[in-house]
Amino acid sequence: QVQLVESGGGLVEPGGSLRLSCTAPRTDFSINDMAWYRQAPGKQRELVARITSGRNTNYPDSVKGRFTISRDNTRNTVALQMNSLKPEDTAVYYCNKWPPYRTATGIYWGQGTPVTVSS
């Protein structure tokens, strides 16, 4: 059974930082590419960071230089360090593998963790 548990979100002022954490299934964790996604109100979910099994990372231009993804294979966790946050980073953040886990009913998503950037 797939279970993804995200945490660490909250309210932060522009320019602030947050560190998100996710616990993923242990099975095959070390060989899966993992990722963080976000979904802002009224918008589609988008990929914001990806880390391969070999720890190569990539980011879209919108967060490059501000966000850093990391993984701990001993704890099957993935983290997202977010610095210099902007109001446009406001969204619910989700972790998943890349490509995302699929179940019999479709793509599995955890509850996510909300991030609000506002003064």
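# Close-up views of a predicted all-strand chain

**Figure 1. Overall course of the chain.** The model shown here and in the following views is predicted. The C-alpha trace spans about 40 × 30 × 20 Å along its principal axes. For a chain of 119 residues, a compact globule would have a radius of gyration near 14 Å, and the 14 Å found for the chain therefore agrees with that expectation. Of the 119 residues, 43% count as buried, and the chain exposes about 6,500 Å², of which carbon and sulfur atoms supply 47%. Among contacts between residues at least 6 apart in sequence, 55% join residues that are at least 24 apart. The 14 positive and 9 negative charges of the chain have mean positions that lie 4 Å apart.

**Figure 2. The open six-stranded sheet.** Six strands make up an open sheet with mixed pairing, in the order S2-S12-S9-S4-S5-S6. Strand S2 (10–12) and strand S6 (57–58) stand at the edges of this sheet, and because each has a single partner strand, one side of each is left without a neighbour in the sheet. In the strand order, S4 is placed between S9 and S5, and the pairings of S4 with these two strands are the subject of the next two views.

**Figure 3. Pairing of S4 with S9.** Strand S4, which comprises residues 33–39, pairs with strand S9, residues 91–98, in the antiparallel sense over seven bridges. Two of the residue pairs may be picked out here: Arg38 has Tyr93 in S9 as its bridge partner, while the bridge partner of Ala35 in S9 is Asn96. S4 is mostly covered, in that six of its seven residues are buried.

Figure 4. Across it, Tyr37 stands opposite Leu47 in S5. The two strands form a hairpin with six residues between them, and in its turn Gly42 has a positive phi of about 75°.

**Figure 5. The surroundings of Leu4.** Leu4 is found in the segment before strand S1 (5–7). With a relative accessible area of 3%, Leu4 is buried. When its neighbours within four places in sequence are left aside, Leu4 is in contact with Cys22, Thr23, Ala24 and Pro25, with Cys95 and Asn96, and with Tyr101, Tyr108 and Gly110. Leu4 and Glu88, by contrast, are 84 residues apart in sequence and 25 Å apart in space, from C-alpha to C-alpha.

Figure 6. Not counting residues up to four places away in sequence, Gly16 touches Met82, Asn83, Ser84 and Leu85. Although Gly16 and Asn83 are 67 residues apart along the chain, their C-alpha atoms are separated by 6.1 Å.

Figure 7. Ser84, one of the residues touched by Gly16, is found in the loop between strand S8 (77–82) and S9. Its phi is near 50°, a positive value in a residue other than glycine, and Ser84 is partly exposed, with a relative accessible area of 41%. Asp28 lies in the loop between strand S3 (18–23) and S4, and it has a positive phi of about 65° although it is not a glycine. With a relative accessible area of 45%, Asp28 is partly exposed.

Conventions: Residues are numbered from 1 along each chain as its sequence is written. This is a predicted model: local features need pLDDT of at least 70, side-chain atom pairs count only at pLDDT 80 or more; totals for chains, interfaces and linings use all residues. Side-chain values use heavy atoms; hydrogens and water are left out. The radius of gyration is taken over C-alpha atoms; the globule rule is 2.2 Å times the number of residues to the power 0.38. Buried means under 20% relative accessible area, exposed over 50%, partly exposed in between (1.4 Å probe, protein chains only). Contact means heavy atoms within 4.5 Å. Accessible areas come from the Shrake-Rupley method with a 1.4 Å probe; for residues, only the protein chains shown count as cover. Lys and Arg count as positive and Asp and Glu as negative; His and the chain ends are not counted. The place of a charge is taken as NZ of Lys, CZ of Arg, CG of Asp or CD of Glu. Two strands pair if DSSP finds at least two bridges between them. Helices (H or I, at least four residues) and strands (E, at least two) are DSSP runs, numbered from the N terminus.
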